Amino acid sequence: MRRERVPIVVLVPAAIGAAFFILPLLGLIVRSPWRDAVTALTAPETVEALKLSLLASLSATAVGLVLGVPLAWMYARVEFPGRDLLRALTTLPMVLPPVVGGIALLLAFGRRGLFGSWLDSTFGITLPFTTAGVVMAETFVAMPFLILTVEAGLRSMDRRYEEAARTLGASRWRVFTRVTLPLIAPSLFAGAVLCWARALGEFGATITFAGNFPGITQTMPLAVYLLLATNPEASFILSLVLLLISLLVLIGLRHRWLGTA
Amino acid sequence: MAGHGVSLEATVRLSLGTLALDMELAIDEGEVVALLGPNGAGKTTLLRAVAGLVPFSAGHVRLDGKTLEDVATGEYVPTERRPIGVVFQDYLLFPHLSALDNVAFGLRSRGMGRRMASEKAVQWLDRVGLGRYASAKPAELSGGQRQRVALARALAPDPHLLLLDEPLAALDATTRAEVRRDLKQHLGSFPGLRLVVTHDPLEAAALADRLVVVENGRLVQTGTAAEVTERPRSQYVADLVGVNLLKGQADHGFMRMPGGPVVAAAGAESGEVFAVIHPRAIAVHRQRPEGSPRNVWSGRATGIDLIGDRVRVRIDGEVRVVAEVTTAALKELDLGQGGQVWLSFKATDVGVYPV
């Protein structure tokens with residue numbers, strides 16, 4: 001087979017585009033103080049930030065699944081007035097600057113916020129500047145990815161399988177758990193991983209709504225940013241760790257989501 | 001009607017897109033009925049309405065004397081609680097479950113324990129000759145095997161009524177005859193009511209005791225395959241069977257068709273009648289024939305189709321008919337597309353029956 005020659009007007013900008021992404025990664029890898037890697041990674045603050053990041057991002061994914069899948073189901077299966085508007089509102093955080101999201105959360109759930117004051121006075125619950133606040137901020141920013149992915153999965157699945165299950169005597173719950181969910185498993189998985197990855201990298205909404213308290217609200221991205229001023233070498237190493245995690249997720253998702261057959 | 005109570009009685013009226021369905025359907029105890037009709041006639045919609053998968057605007061569905069749905073009284077038994085099994089057109093086996101789990105699905109849904117459901121599912125797979133494929137996923141099975149798993153899955157929960165939607169349409173021609181034979185056997189051993197939806201007259205005749213012909217959402221004709229073949233009551237059925245169907249006013253040995261032509265037809269006495277003429281009973285000539293045939297017309301050959309060693313010639317003239325001749329006869333006639341011909345048939349070759 002004869003290889004088609006790539007026109008130069010395509011090749012040059014394409015190469016520059018690729019370099020634009022590769023050079024920063026290269027910089028990170030080359031300039032990272034590898035000798036101090038072990039010290040930086042085992043420092044108590046790092047371990048704490050890493051633990052908190054994993055806990056909060058996994059919690060955000062769990063909340064996303066519990067609340068997002070029913071929401072996606074509503075969007076895909078139920079005709080109700082204002083559905084498109086509601087979908088737009090619940091996916092707004094995808095395009096909203098995260099800092100704005102954090103401010104909005106503060107105004108709603110802060111101690112003097114719209115609902116926060118009521119939560120505080122009635123139940124004595126305060127959300128901002130707590131680990132729960134971190135989970136909230138991450139969920140707020142990350143769940144839309146899950147909702148949209150699962151909705152697309154529900155819309156594209158063949159609903160006649162659900163009908164077949166009903167003719168076999170399956171209740172609606174059984175149809176949902178035994179037929180619908182397994183059939184949309186790829187979308188569910190992709191949605192959950194995207195949601196988790198977005199939550200893991202969350203910075204703006206978290207620092208605005210939850211602040212930056214080591215061990216309580218200081219996640220990895222926050223730690224990286226703050227270490228940059230005090231201990232740049234350590235922040236390089238942590239950046240590498242985050243880079244590695246992102247890369248693994250991307251590779252894992254390649255077949256399912258990015259459509260590389 | 002059999003008075004034993006095991007019967008289906010459905011009256012369904014609904015509109016769905018361009019389809020306006022208005023049908024009554026009854027199936028008696030032990031009967032296999034085929035719903036035969038062209039695509040878009042409403043066969044599948046009727047089947048889905050009986051299963052409770054499509055709401056309708058008027059009518060009712062009663063099975064074993066129990067009302068499953070009645071628009072007038074608002075009664076509605078949801079699909080999952082109807083004693084009805086369905087074999088869907090593409091079988092719709094759950095792709096994530098093994099053959100065994102597919103068959104056990106209905107048993108588990110109806111509350112049977114895991115162990116017992118598996119045992120019964122194995123028995124069912126054995127019955128359809130697929131015991132060795134219990135752990136196979138649907139994607140690993142052939143079309144015919146999938147169809148048998150779908151049948152076992154539908155029958156396992158012991159339904160009173162079995163609905164089959166184009167059960168052979170998804171198969172290729174080479175396996176279809178064999179699968180049809182198996183299917184007939186399995187249908188024969190199922191004691192309940194059976195309704196097969198199909199657009200294939202061969203399939204309908206092979207599988208069912210009685211045909212119900214549907215066109216444009218309405219029942220056109222019902223009867224055994226022999227009855228329907230002998231006395232088609234619509235152009236669609238006549239085309240399926242491969243005969244010429246004319247309609248007109250009977251008048252003592254003749255039939256007057258709208259627009260003028262008169263057909264000599266033995267047995268046409270009075271009233272509106274159908275006349276059926278087999279293509280083989282029609283002779284084709286290049287010159288006006290002499291002699292006894294009472295019906296002689298001229299026309300133009302508008303279509304010549306080779307079917308095996310016979311040739312079907314469509315002739316457009318005062319009446320439009322199809323004649324069937326041998327290839328040798330066609331050669332002798334030296335007839336091409338558009339050629340001028342004369343056709344003739346005897347009055348005694350015309351079958352007449354009231355509309």
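In this predicted model, 14 residues of chain A are in contact with 17 residues of chain B, contact meaning that C-beta atoms, placed from the backbone, lie within 7 Å. Local features here need pLDDT of at least 70, side-chain atom pairs count only at pLDDT 80 or more, and totals for chains, interfaces and linings use all residues. Residues are numbered from 1 along each chain as its sequence is written, while chains are lettered from A and ligands numbered from 1 in the order in which they are written.

**The side of chain A that touches chain B**
- Helices α8 (160-167) and α9 (172-183) of chain A each supply at least two residues; helices are DSSP runs of H or I, at least four residues, numbered from the N terminus.
- The largest share, 6 residues, comes from α8(A).
- By class, this side has 7 nonpolar, 3 polar and 4 charged residues (Ala, Val, Leu, Ile, Met, Phe, Trp, Tyr, Cys and Pro are nonpolar, Asp, Glu, Lys and Arg charged, the others, Gly among them, polar).

**How α8(A) meets α9(A)**
- Their axes, lines fitted to C-alpha atoms over the stretch in contact, with angles from 0 to 180 degrees between N-to-C directions, lie 10 Å apart at about 155 degrees.
- That angle makes α8(A) roughly antiparallel to α9(A) (over 145 degrees).
- A:Tyr161, A:Glu162, A:Ala165 and A:Arg166 of α8(A) face partners in α9(A) that include A:Val175 and A:Leu183.

**How α3(A) meets α7(A)**
- Helix α3 (residues 44-77) and helix α7 (residues 131-156) of chain A pack at about 40 degrees, with axes 6 Å apart.

Conventions: Contact = placed C-beta atoms within 7 Å. Parallel < 35°, antiparallel > 145°, perpendicular 65-115°, else oblique.
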